[in-house]
Amino acid sequence: KASAGGYARAKDVPHALELMAASEGAGRFLAGGQSLVAAMNMRLSEGDMLIDISRISGLSGVSLSGDHLRIGALTRHVEVGSDPLIRDHAPLLTQAVTHIAHAAIRNRGTIGGALAHADPAAEFPACALALGVTLHAQGDNGTRDIPVETFFEDVFTTALEEGEMLTGLSVPVAEPDEVQVIEEVARRSGDYALTGLCLVRRASGHRLSVFSAGPVPMLATGAMQALDAGDVDAAVDALRAEIDPPSDTQASGSYRRHLAGVLLRRAVSRIEGDRA
Ligand code: FAD
């Protein structure tokens with residue numbers, strides 16, 4: 001059970017920021033609660049002042065704006081998985097949802113919560129990196145845009161400043177011939193991945209992100225160059241050389257490194273199949 005703490009429901013973003021400023025460092029934004037409440041129950045986080053942002057209108061939903069999709073931070077995993085705009089213009093996210101946890105968690109968890117939480121084994125952060133999204137944040141100093149390449153700083157640590165809220169993200173719309181795939185291995189359906197990767201092939205080249213292979217999801221730039229040159233064997237070697245996965249009770253680092261290469265070959269063969 002969680003330790004005693006406070007709770008307040010924010011009616012809009014300025015109200016949430018006011019509550020955060022008044023909380024003297026104890027404030028935590030509560031979105032879907034699927035990671036935060038679990039952490040509180042395990043006493044990994046104590047004495048929190050929960051600032052419930054889950055009912056702020058205007059922070060959820062998907063819209064098309066020129067060559068970008070705008071996704072609100074409070075859009076739930078289940079909505080991401082069924083949204084037709086996302087399916088047409090950012091199918092990587094649609095695929096990713098099928099790997100995230102179970103229906104009950106997908107019904108509550110939000111894409112903004114998953115990105116702000118920055119679990120190194122989570123799917124959405126790696127998708128965001130492969131797609132090259134821009135994150136939108138709002139804090140006491142106003143609004144700002146953060147390129148995803150600078151957002152994930154360490155395990156459970158992002159570029160969001162103290163008390164700053166993620167309000168949404170802009171995802172580049174897929175080009176007509178673009179192909180996007182996610183591959184992962186988990187012990188059981190719905191478990192966090194032992195290792196996974198997202199591969200996007202655009203006219204300008206490949207983007208490959210790896211997750212559950214280090215403290216943050218990372219772009220495997222050496223492997224991307226080899227894929228651009230059409231050399232899959234070299235890409236697999238480069239990928240295995242540029243990651244340094246941890247060993248834990250689930251898998252050894254060397255097994256994760258091996259898996260990454262296997263997953264890359266699977267992803268490439270899916271992309272090639274799509275071309276045929
Ligand atoms: P919350 O739990 O409400 O918040 C998480 C953190 O983010 C908190 O620190 C909170 O203050 C902060 N936060 C939330 N929203 C914002 C915001 N808008 N701005 C700033 N900070 C914010 N995830 C996966 O990716 N893959 C899995 O396989 C997976 N399996 C799971 C299995 C189980 C059993 C459980 C319980 C969870 C699992 N999850 C998995 C996590 C799930 O996807 C969470 O929903 C998600 O990581 C967090 O989203 P949330 O909306 O619930 O955030």
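This is a predicted model: local features need pLDDT of at least 70, side-chain atom pairs count only at pLDDT 80 or more; totals for chains, interfaces and linings use all residues.
Local features require pLDDT of at least 70 and side-chain atom pairs pLDDT 80 or more, whereas totals for chains, interfaces and linings use all residues. Residues are numbered from 1 along each chain as its sequence is written, and side-chain values use heavy atoms, without hydrogens and water.

**View A. Shell around the ligand.** Among the 30 residues around the ligand (a heavy atom within 4 Å), Phe29, Gly33, Leu36, Thr110 and Glu123 come nearest. The shell comprises 16 nonpolar, 11 polar (Gly counted here) and three charged residues. Helix α7 (a DSSP run of H or I, at least four residues) contributes the largest share, four residues.

View B. Oxygen atoms of the ligand lie 2.9 Å from a polar backbone atom of alanine 31, 2.8 Å from one of glycine 32 and 2.7 Å from one of glycine 33 (polar contact: N or O atoms within 3.5 Å). The protein covers 86% of the 960 Å² of accessible area that the ligand has on its own (Shrake-Rupley method, 1.4 Å probe).

**View C. The largest pocket.** A pocket is an open set of points on a 1 Å grid over the protein atoms alone, where a 1.4 Å probe fits, with protein on both sides within 12 Å along at least five of seven lines; lining residues have an atom within 4 Å of a point. This pocket holds about 1,400 Å³ of space. Of its 48 lining residues, Ser35, Leu36, Gly113, Ala116 and His117 are the closest to its centre.

Methods. A polar contact is a pair of N or O atoms within 3.5 Å; within protein, one must be able to donate a hydrogen and the other to accept it, and residues adjacent in sequence count only if both atoms are side-chain atoms. Helices (H or I, at least four residues) and strands (E, at least two) are DSSP runs, numbered from the N terminus. Grid points are joined across faces, edges and corners, and a volume is the space filled by probe spheres set on the points.
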